[in-house]
Amino acid sequence: MGLNKKSVDDINVKGLRTLVRCDFNVPLKDGKITDENRLVAALPTIKKLIADGGKVILCSHLGKPKGEPKPELSLAPVAVRLSELLGQEVKFAADPEVVGPNAKAAVEAMKDGEVVLLENTRYRAEETKNGEAFSKDLASLADVFVNDAFGTAHRAHCSNVGVTQYVDTAVVGYLMQKEIDFLGNAVENPVRPFVAILGGAKVADKLNVISNLLEKCDTLIIGGGMAYTFLKAKGYEVGTSLVDDEKIAYCKEMMEKAEKLGKQLLLPVDTTIAAEFPSPIDAEIEVCVVPSNEIPADKMGLDIGTKTAELYADAVKSAKTVVWNGPMGVFENPILAKGTIAVAKSLAETDATTIIGGGDSAAAVNQLGFGDKMSHISTGGGASLEFLEGKELPGVAAANDK
Ligand code: AMP
């Protein structure tokens with residue numbers, strides 16, 4: 001399934017002011033970028049537009065400044081690092097209005113093949129409301145618009161949706177194409193067996209993902225905090241584990257759905273328990289592993305158990321396509337990260353197409369040094385989940401059709 005949207009390969013930007021919405025929402029600590037994957041992922045599109053002789057104007061949000069300038073959320077450090085990565089100056093257009101006199105002057109002065117980065121788009125209150133004024137301001141800088149920000153594609157904001165109403169040409173970049181190709185192929189046209197692995201805290205956050213993936217995959221694996229609501233739905237004692245009591249009926253329904261469709265739904269057969277949730281989260285903690293139907297009433301499940309880790313790794317071994325979103329336990333604590341590490345390792349070792357759906361699982365895979373071993377690591381957690389739900393992403397929909 002290819003993406004039926006015009007891309008940077010379908011246009012000629014020579015001499016044109018080309019506004020590119022990137023996802024430079026990177027983690028910062030004391031002004032330093034601690035994970036630059038999103039910057040690296042944006043390079044192919046930027047390089048292509050430079051090579052074609054466009055005037056490349058980059059924009060992005062960073063964090064949540066809530067509509068006003070916050071110096072600690074300035075994109076200035078990104079301009080510095082991006083210059084190094086590109087081997088070419090990225091001029092930072094510091095401007096509290098994002099598109100104010102400073103930014104306009106910087107764009108005015110651009111020559112073909114030069115790059116300017118605008119200030120954090122969320123310095124403007126209209127950004128997240130998809131307001132008209134800021135959309136028009138952005139469009140006023142651009143002859144052509146390119147959206148390469150997959151991580152924001154599930155939102156309809158000025159800088160990825162509103163702006164497209166005021167430019168003639170709106171296309172997608174290479175990263176957006178790659179994300180949709182990988183996720184789209186996995187879900188709509190997977191090489192089978194297709195195994196989907198879901199973890200993370202709550203069932204409630206992933207209701208539609210569970211339901212949609214059950215229809216598409218051959219095996220659905222559940223881990224993390226959400227597993228205990230399923231176990232409770234099976235009638236097991238789950239002690240003080242994280243449970244979403246309102247979703248027990250839903251879990252029953254999903255188990256019935258799996259059976260009806262002839263799909264395998266794997267739940268933890270054993271679980272790692274402790275007396276309480278670790279505090280601080282990485283505190284030394286005493287744990288033991290028990291069968292999933294023998295959790296004591298005063299204990300809490302915080303990771304999948306050793307047998308479950310083997311069971312899940314075996315399922316991955318037999319797969320040809322694997323999609324994974326969400327940790328198997330409280331992986332922030334090394335003692336409770338074993339299940340997540342085991343799953344990450346099984347994905348690193350298989351020849352199957354492996355797709356990591358952003359967020360915590362992407363961070364875990366990268367921290368473990370398995371990044372290179374995955375077919376694709378999505379740059380968007382929320383966006384990839386909404387895509388896996390089968391929803392149309394507004395940021396993609398807004399681009400011109402082929
Ligand atoms: P999510 O944001 O839904 O992907 O959930 C990620 C969070 O789920 C991580 O911070 C984990 O610590 C947490 N988590 C995973 N397993 C458990 C569990 N068994 N009990 C409580 N929290 C968990």
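**Questions on a predicted model**

Trainee: Is Ile341 buried, partly exposed or exposed?
Mentor: This is a predicted model, and in it Ile341 belongs to helix H10, which covers residues 338-349. Its relative accessible area is 32%, and since buried means under 20% and exposed means over 50%, Ile341 is partly exposed.

Trainee: How far apart are the C-alpha atoms of Ile341 and Gly225?
Mentor: Along the chain, Ile341 and Gly225 are 116 residues apart.

Trainee: Which element gives the largest share of the largest nonpolar core?
Mentor: That core has 47 residues, and the members touching the most others are Phe150, Leu198, Ile210, Leu213, Leu220, Ile222 and Phe230. Two or more residues come from each of helix H5 (174-188), strand E9 (194-198), helix H6 (207-216), strand E10 (219-222), helix H7 (227-233), helix H8 (248-261) and helix H12 (381-388). The largest share, six residues, is given by H8.

Trainee: How many residues are in the other core, which lies apart from it?
Mentor: Cys22, Val26, Ile33 and Val90 are among the members of this other core. Its residue count is 29.

Trainee: Which residues does Ile222 touch, not counting residues up to four places away in sequence?
Mentor: Ile222 is one of the residues that touch the most other members of the largest nonpolar core. With residues up to four places away in sequence set aside, the residues touched by Ile222 are Leu198, Ala227, Phe230, Leu265, Leu266, Leu267, Pro268 and Tyr312.

Trainee: Are H6 and H8 roughly parallel or roughly antiparallel?
Mentor: The two helices pack with their axes 10 Å apart and at an angle of about 10°. Angles under 35 degrees count as roughly parallel, so the arrangement of H6 relative to H8 is roughly parallel.

Trainee: How many nonpolar residues does the contact of H6 with H8 have?
Mentor: From H6 come Leu207, Asn208, Ile210, Ser211, Leu214 and Glu215, which meet Tyr250, Met254, Lys257, Ala258 and Leu261 of H8. Sorted by class, the contact has two charged and two polar residues, and the number of nonpolar ones is seven.

Trainee: Which elements do the buried residues of H6 pack against?
Mentor: The buried residues of this helix are Val209, Ile210, Ser211, Asn212, Leu213 and Leu214. Together, the elements that these buried residues of H6 pack against are E9, E10, H7, H8 and H12.

Trainee: Which residue is the bridge partner of Ile221 in E11?
Mentor: E10 and E11 run parallel and are joined by three bridges. For Ile221, the bridge partner in E11 is Leu266.

Trainee: In the sheet with the order E5-E6-E4-E1-E7-E8, what does the twist average from one strand to the next?
Mentor: This sheet is open as well, with six strands in parallel pairing, and its edges are strand E5 (90-93) and strand E8 (169-172). From one strand to the next, the twist averages 25°.

Trainee: Which residue in E6 stands opposite Ala93?
Mentor: E5 and E6 run parallel, and four bridges join them. Opposite Ala93, the residue in E6 is Leu118.

Trainee: Is Ser361 buried or exposed?
Mentor: Ser361 sits in helix H11, residues 359-367, and beyond its neighbours within four places in sequence it contacts Trp324, Asn325, Gly326 and Ile356. Its relative accessibility is 1%, and because the limit for a buried residue is under 20%, Ser361 counts as buried.

Trainee: What is the omega of the cis peptide bond that joins Arg192 and Pro193?
Mentor: Pro193 is placed in the loop between H5 and E9. The peptide bond from Arg192 to Pro193 is cis, with an omega of about 0°.

Trainee: What is the relative accessible area of Asp30?
Mentor: Asp30 lies in the loop between strand E2 (28-29) and strand E3 (32-33), and although it is not a glycine, its phi is positive, at about 50°. Asp30 is exposed, and its relative accessible area is 76%.

Notes:
Residues numbered from 1 in each chain as written. Predicted model: local features only at pLDDT ≥ 70, side-chain atom pairs only at ≥ 80, totals over all residues. Heavy atoms only, no water. Buried < 20%, exposed > 50% of the residue type's maximum accessible area, 1.4 Å probe, protein only. Core = buried A, V, L, I, M, F, W, Y, C linked by side-chain atoms within 4.5 Å. Contact = heavy atoms within 4.5 Å. Axes fitted to C-alpha atoms, helices over the stretch in contact; angles between N-to-C directions. Parallel < 35°, antiparallel > 145°, perpendicular 65-115°, else oblique. Nonpolar A, V, L, I, M, F, W, Y, C, P; charged D, E, K, R; others polar. Pairing = 2+ DSSP bridges.
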